Amino acid sequence: MTRLRGIGVAAVNYPTGMNLGGDPSQALIHATTSGSFVVSLSSTDLGQGLRTVIGQIAAETLGVPYEEIVVDLGDTDEGPHCMGTFASRATHRVGNAVMAAAREAREAILDVAAEELEASPDDLETDGEGGLRVRGVPDRSVRIADIAALAQFKYGRTISGRGSYMKPKSPVDPETGAMDPDSTEAHACTVAEVEVDTETGQVAVLSIRSAYEIGRMVNPALVRSQIEGGAWMGMSHALYETTAPYYPSMDHRPRDFSEYLMPGPLELAEVVESVVLEIPSSNGPYGVKGIGEMTANSPIPAIVNAVYHATGVRIDDLPITPEKILRGLDALAAAPGEPER
Amino acid sequence: MTTTGLHVVGRSVERSDRLGHVTGRTRYTADRTFPGMLHLKMVRSPAHHARVRGIDLAEAERVPGFVRAFTAADVPHNRYTILSLIGVEPEDELVLAEERVRFQGEAIVAIVAETEAAALEAVSKVRLDLEELPAVFDVEEALRPGAPIVTDWGTNTFMYEGHPCRRVRLGDVEAAFASADHIVEAVYRSSPIEHAPTETTGCIAVPEPDGRVSVYTNTQALYFSLDNTAIILQVPGNRLHFIGGTVGGGFGGKVDVIVEPIATLAAMRTGRPVRFVYSRAEEMLVSSTRSAWRIAIKDGVMADGRIVARQVTSYADSGAYSRQTPYALTKHAANAAGPYTIPNVAIDAYCVYTNRQPTSAMRGFGVTMASFAVEVQMDRVAERVGLDPWTVRFINAYHEGDLRPHRKRAEDVTLIETMQAAATLVGHELPAELRAMTSAPRPDGDGGPAR
Amino acid sequence: MTATIVAFRLGDRDVEVMVRPLATLQSVLREQLGYTATKEGCRQGGCGSCTVLVDGEPMASCLLPVEDVAGHRVATLETLTPPEGLSPIQEAFVDAHAFQCGYCTPGMIAVATALLDRDPVPTDAAIAEALAGNLCRCTGYRPILDAVRLAATRRAGGREDGR
Amino acid sequence: MTVTSYVRPGSLPEALDVLDREVESLMVMAGGTTVMPRINEGVAFPRVVMSLRQAGLDGLGVEDDVLRIGATTTLTRLAGQDAIAMLADAARSTGSWTIRNLATVGGNLFTPSPGGDVAVALLALDATVTLASSRGGRTIPLAALSRDAPGDRLAGDELVVELRVPVPRGPTAFEKLGRKRSDSPAVVTVAAAVRLRDGLVSEARLALGAMGPHPVRATQAERALVGSRLDRATIAAAADAAAEGGEPATDAIATGWYRRRMARLVVARVLGRLAAAEVGGRR
């Protein structure tokens with residue numbers, strides 16, 4: 001039994017968001033009597049953790065603890081319009097909208113606080129932990145929660161904010177393809193190491209190690225979740241998945257999970273490692289870029305290139321089945337030294 | 001205070017949904033039941049391409065528990081609008097088939113019944129009179145003269161403002177090929193892929209006492225689904241209330257608005273809650289997949305590894321209908337040259353119709369397979385000119401402010417720094433000249449490649 | 001068609017349900033008893049998201065007629081959750097970030113519970129083998145394997161970074 | 001409503017009685033792992049479903065060097081017995097834990113290819129199948145049951161009640177190659193049992209799964225083994241014969257081409273293990 005090892009590299013860009021027909025998301029924020037803030041959205045959380053990162057962005061902008069934010073999403077009667085969760089857009093688009101809404105709500109807080117503290121709103125600053133003070137005068141401080149209550153019961157004012165973010169639609173020039181299709185670019189570079197069993201043609205992925213640059217990370221643990229899950233999905237796409245095993249033939253299309261192949265917990269790469277560069281984007285909230293989709297992308301060509309490095313078999317047709325490896329090895333054995341084209 | 005001056009952005013705070021998820025109390029769409037809820041199941045085409053000559057419901061109607069069947073005539077505006085909401089034509093897909101079915105599994109009759117089992121049995125009792133038509137299953141065969149035509153407009157391609165493909169043109173590829181030291185060509189293919197979210201696509205439409213309908217759905221886009229449903233049902237949007245936001249995995253598969261309109265219609269017509277949740281087999285055999293792709297790349301390369309021309313001809317298999325795939329080709333075209341600055345680029349990206357299950361958005365929409373093709377191609381280029389794979393990527397990498405093939409100036413570019421970080425991570429020692437590179441704007445200031 | 005009354009033990013409750021012939025345990029839990037932690041992912045026995053414990057054994061509740069559990073003990077994630085707080089396995093799932101969308105989590109925790117009941121300090125291979133029938137499309141599995149290992153280590157009173 | 005009656009006979013006679021009465025639209029199931037998905041999805045519409053789970057057919061034990069396995073013994077239970085290690089290996093290689101807790105040995109005989117891994121092992125072990133009907137019982141070799149599509153060999157009023165497996169005296173080996181290491185349908189499954197006398201193979205049974213519509217004995221390969229030493233050349237000849245002899249199908253898991261090639265490889269590995277076991281056994 002021969003096992004051949006190889007290493008492959010791939011580097012990719014991935015655009016954040018699209019322009020669609022104009023790509024908007026909107027947000028509303030209001031304070032409760034006790035100084036919590038409700039962020040109202042019609043957006044959806046697919047499991048990537050949008051609720052959490054939106055809460056973080058709102059808390060950061062308002063200057064209150066994360067625990068004071070209630071994210072109410074997923075209801076068209078309760079939240080304003082959101083285009084949806086796709087195109088790696090949600091943290092960027094919804095985040096920008098929430099940031100704008102939080103800024104407006106923050107101004108409302110500062111207005112009330114200024115009146116209460118008999119100071120100019122311009123002289124007030126938040127401490128990020130729910131407190132507000134007159135700049136340079138530490139003992140003139142109040143809790144935002146108290147301001148929220150005073151706004152309701154003493155001043156009869158709303159503490160609320162509206163936010164919208166839209167990537168404007170831009171037409172595509174049908175001749176040249178000139179267009180402005182997205183908001184920013186995230187980047188990844190993946191190095192994969194594989195081991196190919198030359199008797200069975202089966203490929204084991206030993207490691208998937210990547211560098212990512214995705215602007216600012218709102219929540220590093222959630223970013224790592226995307227990278228880890230995406231590495232698995234990329235490996236799955238590269239080596240296993242197909243709804244048409246013999247495209248274009250319509251035969252043998254899978255109808256269950258025994259036929260639709262995906263790697264299980266015994267097929268994982270031993271090492272999935274990453275570093276994330278934080279270089280804030282120019283237009284994301286706090287400099288974020290989208291990471292939702294891209295994490296499955298660079299592992300695919302990195303694995304294909306690693307298989308070539310290991311075996312000399314260049315697979316141009318996904319998924320890399322064991323049979324394709326064996327047929328490639330057979331062809332190499334039949335015509336040794338033939339330059340690969 | 002952190003070094004960034006930020007308090008909570010940048011911190012791994014615990015997910016707000018963690019307790020619901022680990023206790024099983026998070027409520028997903030199909031976790032709801034309502035008194036009197038009906039179950040909707042679809043009669044689907046067994047043929048890949050056929051004329052529908054007749055539908056006989058008599059036997060199905062006799063199944064105990066059968067409540068009602070819906071055919072095309074029952075749907076007020078029997079057109080999936082999907083992207084037409086944002087001005088992308090055509091409205092090529094029907095909610096329920098009329099004269100013709102174009103893929104195996106296409107919905108023809110919706111049946112609602114008291115139980116799911118009754119709905120399934122009634123579905124099995126519907127007799128379809130179909131006249132099979134020649135079908136085509138391959139993107140390139142679909143473009144050959146004489147191929148069966150899938151669409152209503154006479155070609156098997158989506159028409160982009162008069163062109164059968166999304167075009168991108170920068171410089172003059174032919175001239176650059178003529179002067180290049182090497183030509184490197186290859187064709188890359190990929191299979192269609194299923195999103196396979198653990199939770200299948202589904203919704204429950206519930207008539208409310210005030211005349212509105214509440215639609216619990218796992219769509220990735222609530223207003224998108226609501227607006228499309230309103231158009232299909234020809235009702236004001238204010239009659240609809242869409243509730244969701246907690247989704248058991250999407251990956252792009254829950255952006256299609258397939259289940260909500262018909263379930264909402266059935267709820268309005270029966271006055272009862274209607275549940276329409278895909279089975280796993282439906283999810284695999286009927287719901288949208290990622291397209292199959294065929295991507296041909298021809299590069300003109302100088303002896304030093306600079307790519308001076310790249311021609312990309314891509315075919316994405318849209319299946320029988322458009323859904324989001326025409327848009328995917330536009331996104332593809334903007335990214336098909338990869339994160340590299342190449343002075344002469346020509347991209348033709350074809351959205352091709354076949355008699356396969358429709359394809360649509362999936363994680364990496366239009367870009368995943370472009371990245372596969374381009375990044376394997378980069379290794380081919382490296383091998384041809386005798387450079388290592390890292391070097392060829394560095395010397396062709398785009399820089400801040402470079403003009404990309406679609407004539408957008410590159411923004412927020414860090415490809416070089418990202419590759420440097422990856423090399424460090426894996427312990428690959430880069431040559432000094434690559435370590436010294438940055439993505440900073442090129443010194444000549446014109447944003448073009450410094451050559 | 002005659003409905004049947006089926007009685008079984010659900011956690012620490014005795015339940016009686018009137019069921020249609022061949023009604024699955026999954027459908028009875030979800031639709032009749034409102035125990036919706038038990039998910040519906042494929043109803044083919046292929047995804048593991050409907051896994052419950054019957055007399056401590058993990059089983060695909062989508063393939064199991066409820067009449068066959070008459071007189072037996074059934075545990076779902078609802079019954080595996082303490083009245084207050086979380087079980088050690090649940091805590092480990094939180095700490096190891098072992099979920100994204102959460103849809104596979106109840107089945108994963110059911111299998112993990114059964115595994116650790118039999119094998120309190122399982123090897124990595126035993127953990128992976130036990131979970132091989134449970135599909136997770138989001139996390140790439142490793143965080144889930146980490147969570148089970150973490151729970152085992154904590155229960156054994158060992159170092160949490162030990163493998 | 002499709003299913004009007006779910007019958008759970010408490011004994012074999014009761015089950016046979018149901019079988020006699022309900023000929024139309026009856027589905028018989030043991031663990032339900034193949035029947036239930038078909039009903040859940042609306043592929044099958046039986047009126048009456050009979051479960052054998054309570055019929056007292058789940059015995060497991062060795063008597064007179066014969067392992068008797070009740071038809072409804074679960075694969076988990078089979079995996080836990082230590083009388084015949086190869087059968088435990090085969091049971092463990094099948095499905096996932098949640099499925100093995102439901103699926104039965106009897107049901108595995110009827111699982112369409114590429115399933116039926118336990119049946120492959122049983123075939124190599126020369127198991128016999130005890131069938132019962134209200135007319136009486138009979139015992140046939142499993143090989144006879146699986147010579148054609150298994151259902152065809154079973155009369156409409158018959159049930160599989162037990163498998164009897166002689167505890168092997170010589171070395172045995174089982175190997176399943178899937179696209180995944182666990183919970184994976186087979187690319188190919190191979191089980192072998194041999195007896196050796198004076199270093200020569202005196203008896204050989206080699207069974208293959210996924211190399212045809214149902215598990216088969218590789219009789220050509222068996223002939224190549226008998227009378228020979230388990231050396232490299234003999235193993236290669238037997239592996240070639242086994243691979244050439246099958247009629248592997250193409251499906252979502254693998255092509256027939258790949259299956260044939262893997263059959264050659266896995267048969268050689270399995271026979272190699274037997275040779276090693278024999279060397280080890282003689283020490």
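Student: How many bridges join strand 12 of chain A to strand 8 of chain B?

Tutor: In this predicted model, two bridges join strand 12 of chain A to strand 8 of chain B, residues 182-190, and the two strands run parallel. One pair can be located directly: Asp317(A) has Arg189(B) as its bridge partner in strand 8 of chain B.

Student: How many residues of chain A are in contact with chain B?

Tutor: One general point first: the size of an interface is often given as the accessible area lost when the parts come together. Here the description is by residue contacts: 100 residues of chain A are in contact with 93 residues of chain B. The elements of chain A that each supply at least two residues to this side include strand 1 (3-16), helix 1 (50-62), helix 4 (220-239) and strand 12 (317-318). By residue class, the side of chain A that touches chain B divides into 49 nonpolar, 30 polar and 21 charged.

Student: How many residues do chain C and chain D give to their contact?

Tutor: Chain C gives 24 residues and chain D gives 24 residues. On the chain C side, strand 4 (57-60) and helix 5 (124-130) are the elements that give two or more residues. Strand 4 of chain C gives the most, with four residues. The side of chain C that touches chain D comprises 13 nonpolar, five polar and six charged residues.

Student: Why is helix 1 of chain A described as largely enclosed?

Tutor: As a general idea, an α-helix has 3.6 residues a turn, so residues three or four places apart point the same way. In helix 1 of chain A, 13 of the 13 residues are buried, so the helix is largely enclosed by the rest of the structure. From first C-alpha to last, helix 1 of chain A reaches 18 Å, close to the 18 Å expected. Just after this helix, Gly63(A) takes a positive phi of about 85°.

Student: What radius of gyration does chain A have, and what would a compact globule of 341 residues have?

Tutor: Chain A has 26 Å, whereas a compact globule of 341 residues would have a value near 20 Å. Its C-alpha atoms fill a box of roughly 90 × 45 × 40 Å along the principal axes. Chain A contains six helices and twelve strands, and 62% of its 341 residues count as buried. Among contacts in chain A between residues at least 6 apart in sequence, 77% join residues at least 24 apart.

Student: Which domains does the assignment give for chain D?

Tutor: The domain assignment gives domain 1 (5-51), domain 2 (60-166) and domain 3 (172-282). The centres of domain 1 and domain 3 of chain D, taken over C-alpha atoms, are separated by 36 Å.

Conventions. Residues numbered from 1 in each chain as written. Chains lettered and ligands numbered in written order. Predicted model: local features only at pLDDT ≥ 70, side-chain atom pairs only at ≥ 80, totals over all residues. Contact = placed C-beta atoms within 7 Å. Nonpolar A, V, L, I, M, F, W, Y, C, P; charged D, E, K, R; others polar. Pairing = 2+ DSSP bridges. Domains from an automatic or database assignment. Expected span 1.5 Å × (residues − 1). Buried ≥ 20, exposed ≤ 12 C-beta atoms within 10 Å, placed from the backbone. Rg over C-alpha atoms; globule rule 2.2 N^0.38 Å.
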